[in-house]
Amino acid sequence: MTHAEQPPCLYLEVCSQNEQLRLPLHSSIVLFLLSYCDCESFRVFLVLGDSSSSEPLKSQLPASASLSDVQVDELPKLVSSCRLPAALDESAQICRAGLAVVLRHIIDKSIEADPSRKDVAALLGFKKTCLKACAEVSKWTRLCEIGIPSAVEEHLHNPGDVGKQLPLPVLTLESRLAEPVKVHNDDKIRRQKLQEQKRREKLEPVGGQANKEPSPGRPPQVSDELELRAALAKLSVVSVPAVTTRENSEIRKVKTSELPPLEHVFAEGLYFTLTDVVLLPCIHQYLCSLQASAPSALQQLPNLLRWYNRVQEVPGVMRAAKDCGLHLSTLQVATTCPPWPSAHPSATLLEEEGSQETTTPLPFVGGPRPTMTKLKENGIEAIFASHPCPSWNLPWDSLPSAINPTEGKMSNIRAIRKMQQLNNLIAMVTDLARPGDTIVDFCSGTVALHACGIATDMVLEHCIQAESAFVISPCCYGFIQNAVKFTFPKSEQFRKTLTYKEHMILCRFADQTAVQLPPERRLIGKQCMGLVDLDRSWAAEASGYSVQVITMEPESCSPKNNMLVGRPPQRRGC
């Protein structure tokens, strides 16, 4: 069988606890998604050690999955260098690793095999961005992909006195589920909710709702809430009944700020997404452990319990869970919740990292000029080094046609600009490279030549750790924000002068360089770009680097025409 004929492969970890094999949560999550999607596109390998067999686990594994055992020392080289779970494509040349990346890949393959599965496509959420940002960038992805599974795994290994102190990631999720949600069409849904509330008030006697007892066998949460009906309608399971095609005039006149908020139904808000798939196996095991060892602790998690019960109402969830050995059951939601103990942290995991200010900052006026003036008064201005080889060109005629941008699906004008950008980048790489060097290409691919947002800072970090030279073309300055690994400003000089919010102003206006904008505005945008990259340069120079911010030639090749060119300490004299 050739590589092209082989099915894609999934590699899932199997671990040992008390001399018994078990599936870590990441592996359970992948299997649960495969079952929910009815995905049979992959051959699944359970990665074992010590010549063991997965036979004792068969009762916990989907019967429909194509499962095989593989020993650690038998893994393909590409997979062995990655953290599991990992997916190897048909050619065995591309490996996708990491939980969120692998799960999104499974969804893509499932839709490719059966385009009619709208419920599977809906897992990717609004604009297909669910868990798309990596954990290094997104605190939400980090919480769901790493924080919750790690906390639950640790709890399962060392239950301890769970009733007194619940894990911070779990408390963070509980807090998140209590927040009101916003969706792109929430005004319409909130007005419908207000209309239903008013209709209910007219039908019910005073005090009637407070004295009403829940129906026997029915869970305390209201299963026919408007939010839940809207969520299920998204999955094409039921339709949201509309009493009238248009709200009455009284409802239409209500200000948006006075409309009732929408409550969380699922983890990301109103709709069932991949995030819920990730959390369900984790939260199921955690809640079952609490119920067995410290049932009183469940009173501190009313929102999490409500979410857990609601997820079970999604068609396909119970079937997929049973297929994976997860025995879901409705858990009692406490009607009242005791106040948090004084030791409970006031800052959640989503808020604790990245914030450098403890007081509310004053509002800013006047665009970036006050910030730029403040920097100038402290002797900080954008510095652009001269281009060392502005007319250098690749020998395009002697190169394979497939790597020429003109062969791609783009206009001739755009293709020429891409060629000019490549000329600039490779000219700098050629100038820096020495015999025996290894050249690593980050952030390229489908005619993408820029490192968007803090991808620039991630590349910088890798290069500094490896003490390697770098050539980086930053982009999407407006996406820069404090993240798990980075806080801004980065350099000591900028931190002494600007607050985080002031630095964000520079980032936002650094994106104002499009050719359609007035020349004066583009000039301000270019200066903001230079200042943001100067901060990055000075941060790298604190590690001994020599860094220049250079403008590509010609400048018209891209609105984002900066290049960061850095030499490590051992090459500063080259």
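This is a predicted model: local features need pLDDT of at least 70, side-chain atom pairs count only at pLDDT 80 or more; totals for chains, interfaces and linings use all residues.

Colleague: Is Ala 540 buried or exposed?

Modeller: We go by relative accessible area: under 20% is buried, over 50% is exposed, and in between is partly exposed (1.4 Å probe, protein chains only). Ala 540 has a value of 2%. That makes Ala 540 buried.

Colleague: Which residues is Ala 540 in contact with, leaving aside its neighbours within four places in sequence?

Modeller: Contact means heavy atoms within 4.5 Å. With the neighbours within four places in sequence set aside, the partners of Ala 540 are Ile 464, Phe 470, Tyr 545 and Val 547.

Colleague: Why is helix H19 described as largely enclosed by the rest of the structure?

Modeller: H19 spans residues 500-510, and among its buried residues are Tyr 500, His 503 and Leu 506. Helix H15 (369-377) and helix H20 (519-541) are included in what covers them. H19 is largely enclosed because, of its 11 residues, the number buried is eight.

Colleague: What is the order of the strands in the open sheet of five?

Modeller: Two strands pair if DSSP finds at least two bridges between them. Strand S5 (66-71) and strand S7 (95-97) have a single partner strand each, so they stand at the edges. The pairing is mixed, and the order reads S5-S4-S1-S6-S7.

Colleague: In which sense do strand S1 and strand S4 pair, parallel or antiparallel?

Modeller: As a general point, strands of a sheet pair through backbone hydrogen bonds, either parallel or antiparallel. Here Tyr 11 stands opposite Phe 45 in S4. Five bridges join S1 (residues 9-13) to S4 (residues 43-48), and their sense is parallel.

Colleague: And the open sheet of three strands: which are its edge strands?

Modeller: This sheet has antiparallel pairing and the order S9-S12-S11. The strands that pair on one side only are S9 (470-472) and S11 (546-551).

Colleague: Which residue in S12 does Ser 546 stand opposite?

Modeller: S11 and strand S12 (residues 562-567) run antiparallel and share six bridges. Within S12, the residue opposite Ser 546 is Arg 567.

Colleague: How many salt bridges does a search of the whole structure find?

Modeller: A salt bridge is a side-chain nitrogen of Lys or Arg within 4 Å of a carboxyl oxygen of Asp or Glu. One of them joins Lys 496 and Glu 492, with the closest N and O atoms 3.3 Å apart. For the whole structure, the search gives 15.

Colleague: How many residues apart in sequence are the parts that Arg 117 and Asp 38 tie together?

Modeller: The side chains of Arg 117 and Asp 38 meet in a salt bridge, N to O at 3.0 Å. Arg 117 is buried at 16%, while Asp 38 is partly exposed at 45%. Arg 117 lies in the loop between H3 and helix H4 (118-121), and Asp 38 lies in the loop between H1 and S4, so the distance along the sequence is 79 residues.

Colleague: Last one: are helices H6 and H12 roughly parallel or roughly perpendicular to each other?

Modeller: Axes are lines fitted to C-alpha atoms, for helices over the stretch in contact, and angles run from 0 to 180 degrees between N-to-C directions. The axes of H6 (residues 168-177) and H12 (residues 302-311) come within 8 Å and cross at roughly 75°. Angles under 35 degrees count as roughly parallel, over 145 as roughly antiparallel, 65 to 115 as roughly perpendicular and the rest as oblique. H6 and H12 are therefore roughly perpendicular.

How values were computed
Residues are numbered from 1 along each chain as its sequence is written. Side-chain values use heavy atoms; hydrogens and water are left out. Helices (H or I, at least four residues) and strands (E, at least two) are DSSP runs, numbered from the N terminus.
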